[in-house]
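Reader: Hello! I am new to protein models and would like to learn how to read one. Could you show me the chains and a sheet?

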Amino acid sequence: MKPIKKIIITSVICIGIALLAYFAWLFPFYEFTSNDFTTSIEKIMSAEYIKTLVPLFIIISLATAGIIITVFIRKFLAKKDTSRFSKVRTDRSRGNSPKQKPSIFMVLRWIIMIIFAFMMIWGGLIFGLKMASLSIPVLSCPWNTEQMTESSCYYLSHLNELVELPWQNILLFLGSTIGFTLLLGRAICGFLCPMGLIQDITDKIRQKTKIEGIKMNDKMYEAIAPVKWCMVLIFVGLCFAGGNFCNFCPAVAVSPILAGMSTSLYVSGFLMVLVLMGGFFKRRAFCTICPLGTIMGFFHKISLFRVKKDCQSCTECGACYEACPMGIKMIYTEREKADVTHANCIMCGECVKCCPEDNALSLTFAGKKIYTSSRRKIMSGYEQEGKK
Amino acid sequence: MSSTLKERQDKRFITKETQTAAKYLRRLEELSGAPEGIEPFYDTLKRIYVDMAHVDTNKKTVGTYCVMTPPELIYAADAMPVKLCSGNYTAFSIGDDIAPRDACPLVKAVAGFKQTGLMPVYEDCSMMVVPITCDCKKKIAGMLADRCEVTTLHIPASREDKDIEMFINQLYELMEKLEDVTGNRITYESLSEGFRKVGYAQYELSEFIRLKKQMPYLIRGSHAMAILNSASYMPADVWGKALHKVNQSLEKNISDKKTVTSKKLPRIMLTGSPIVFPNIKIPLLIEEMGGIVAGDETCMGERGMWDPAVITDDSFDGMIRALANRALRPCPCPTFADNSQRIYRLKQLIKENQIQGVIYHVLRGCLVYDFEYKRIEEELGKLDIPVIRLESDYNEEDIEQLRIRIEAFIELIKLKQPHEKITSVRKDF
Amino acid sequence: MDKYYIGLDGGSTYLKAALIGRGQVIDTMVRNTGIDNDGTARKIAKELCERNSLLPSDIGYIMATGYSRKVLEVADDDISEITAHAYGVRLTAPKEYRPGMIMDIGGQDSKIIYLDGNYGVKNFSMNDKCAAGTGKFMEVIAQILETTIDNVGPLSLQATNPCDINSTCVVFAQSEVISLVARKYNRCDILAGMHLSMAKRIIKMMKKSEKGGDILMTGGGALNTGLHHAFEEELMRDVYVANYPQFNGAIGAALIASERG
């Protein structure tokens, strides 16, 4: 593609997204007669809860339908391509591919993600709002007033409201947000973010059903980068232009509804469908354009979580790049620096899990190795083959 | 006379071929310090080259060349891959007349086998897969095509994402051809089974290499070479099980502190063009001249099966992707334009195996390997590791030349080590 | 008390011995190899000691090199010629020589050894399968021209118009020279042509990339001034000649011995 054409297409897309975000309230996805932000454990136990969950059901069923239609369209389009999407190949009812034994790190990550998501949805209802003054930069909707902690995304996207707050609150907000960002960096995305959990779950479902995903290559990642920056601009700047990012943010569609609050959904509902579909075909698709994550990525040089590489023992097999949900190519091409922490890295540990060379990749926290690649671990799934 | 000219010629070929193979096998067996459990590997080499028998399987066999052909796919089609890269002197002398003078001996030997049509390993193949890693391979693919079905795999010059995608498409095409030839369907289940078979062999191989690293002088490189060479003619799971026994005995040797030698022999690494049985004169010479091959970076040696295919996506496409990725990205074959990763790998092997010198083997006419010598000599020179280039052919005429060079090289390393002093007083001469 | 060391170089025609002590070459000796390699070696060692009034107990270590090194049982250890030559240069090279390349022109083989800055062997090449460019080549041609190998050098320096000798093989060159003689060419010109052809042959063995440092000639061939001249002409640069060129290998072996003993 010619560069001019590329620029035009990118700017049209970005302007389109910006307009969509600005006029988000004009596109209702599901409107309650009146929004009700009161909730309690009794409400969740009662039948009324089901009524608040309706938009969620719609989102899930639309996403499922979308996925099924996409799979069928793909099959139809590739009807002549007998090799890749033919019946034999896609008949994946039997058998399992060899897998390595689960590592402690991965199990822990899932447990932490699930517990944190639980706390961010129902935490306040069960344990009270003791930590509610802390702000963590995660995409967990602050419309849900019963979260265990506050999430920074509201004030970051409504900076004009932030400056009107009393100074103690501003300090507390900035202090906790920056503190968490420095301490954990984008490990927050990989370990804490409920949006991340949702996308990881959709990916797990795809892996279990063994449907082909969409493997993004470096060109596609390159093409999506402007969209990411456009999202950052919208995220920070929309409030000054008089818009409301929350009408556009897909995260709204999850936690307030699950917490039992009847929340009307605008563009965010449509977007959530797309996020689910995207996350199904490409792991953590939304994370590649997430504005909050991008902002956190600015601090990747100083966060305590780091990805370290022994450049000499690396064989450039690219397994880390294949496994990386964020498409960080530098991790396998780097041959000089020992620190390969990238601004996009969410510390999910997939690269370390897939690395077949001993000690070639490791995840460190404050200089201490917490997860190291190992040949034996990666081949562990094959060990018992000899005993057959 | 009762026999025809052709028959007599064939008989002479067989006699000569079996004699050379038997000779090298004997030299291997005479070398001290073979680990327990190495016999199945000797038997395989004997079966193929001395007895000239068929491969020990009842499945159809598919001939492959180079490390880029994924054996997983062939196992998935319920066939057995047989690596046909050849080191045969007798076939080379016949191929010498067919292939141009400057072609590499490996290709000449393949051409020779094709011409005589006597080697069962070649004749049994229902199909051959030839990755185009150099011009010689390209032409030999064309030559072999009139004997059986040949599929070529185009190897790109770089390893970008688009190259991987292109290679994936080729693997799908290869899959269809495999299905046509074998009559079996490659399904999700059978492909996983293929992964398991090869994965197990790779698991045992990585254990083997881990043990080797653990204690210096645990095994001689020539024996390791025989073990790794015979992987070409054994089903992966059988090979893996046989290697498991060797691993067990090595593990025992480690706990007993039993080494192949009590002396501090210079530790030498072999790299460069493939070393294929029976052309194992170089490792044999090194070990006969008082060195030890402590590691190798050749495609019929430790490197050939080292890199595993890592499945990062559970779909069928994901598995094929893993195969394509494994075939191209970690491969230190000099066919790629930028192959600087090979230097890192050599450095890593030098560190892990405490290598003191590197012998760079070049088969005459193997241009791509010869090209890289200069760069590697330079880079390893910075580490103060001496490197020499040994050019050889598939014949025994240059053995004395090689011997002088290897000897001088081993001496060079020995001179760096401290020597024991003589204390007794000399009485007379 | 100072120890002395002996290096023995069992070549194809001669057995050379060198005695060194206190880091200097003290004496050298050369004998025809004969049938009994080991016996000759013992004799030569004894003679060396007697000539310098030393006792066998003064000899710290004996190192053998050359073709017959394995049979010289008098030696404590043996070392290949390549290593020995590279070592010998430390003592025999002229002061201004910067280590780069050694050309050893022996009786039946010639080799080129590439050195790094510290006189370590970087690489080497040898003439394989053929005696072209060796002392034997000179000997054969000298015989046809009815002169001795010692006169070949000085004679060739008188040449005004060197002939072309294009054959590399000794046998072919022989017939080429005979035809040149028959065509009444000057003997000096033929000899000069022979030296140039030898030089060309050996230069072909050199690697273009390894031309750093100076070139040093050793071996019996270095005694031939005509060949030395031919090399300087062909390479268009200075070529140094080692002291005791014939004994370079033996001196190297003795030097290695001195490090051991």
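Predicted model: local features only at pLDDT ≥ 70, side-chain atom pairs only at ≥ 80, totals over all residues.

Reader: Let's begin with the chains. Which chains share the most contacts?

Author: Two pairs of chains are in contact, and of these the pair A and B shares the most contacts. Chains A and C, on the other hand, do not touch, and their nearest C-alpha atoms lie 26 Å apart.

Reader: How many residues does the contact take from chain C and from chain B?

Author: Interface size is often given in another way, as the accessible area lost when the parts come together. Counting residues here, chain C gives 19 residues and chain B gives 16 residues. On the chain C side, helix 1 (37-51), strand 4 (59-66), helix 2 (81-92) and strand 8 each supply at least two residues. By class, this side of chain C holds nine nonpolar, five polar and five charged residues.

Reader: Now the sheet, please. What is the order of the strands in the open sheet of chain C?

Author: Its five strands follow the order 8-7-6-9-10, and the pairing is mixed. Strand 8 (121-126) and strand 10 (239-241) of chain C each have a single partner strand, so they stand at the edges with one side lacking a neighbour in the sheet. On average, neighbouring strands of this sheet are turned by 25 degrees against each other, direction ignored.

Reader: How many bridges join strand 9 of chain C to strand 10 of chain C?

Author: Three bridges join strand 9 (residues 215-218) to strand 10 in chain C, and these strands run parallel. As an example to find on screen, C:Leu216 has C:Tyr240 in strand 10 as its bridge partner.

Note on methods. Residues numbered from 1 in each chain as written. Chains lettered and ligands numbered in written order. Contact = placed C-beta atoms within 7 Å. Pairing = 2+ DSSP bridges. Helix = DSSP H or I, 4+ residues; strand = E, 2+ residues; numbered from the N terminus. Axes fitted to C-alpha atoms, helices over the stretch in contact; angles between N-to-C directions. Nonpolar A, V, L, I, M, F, W, Y, C, P; charged D, E, K, R; others polar.
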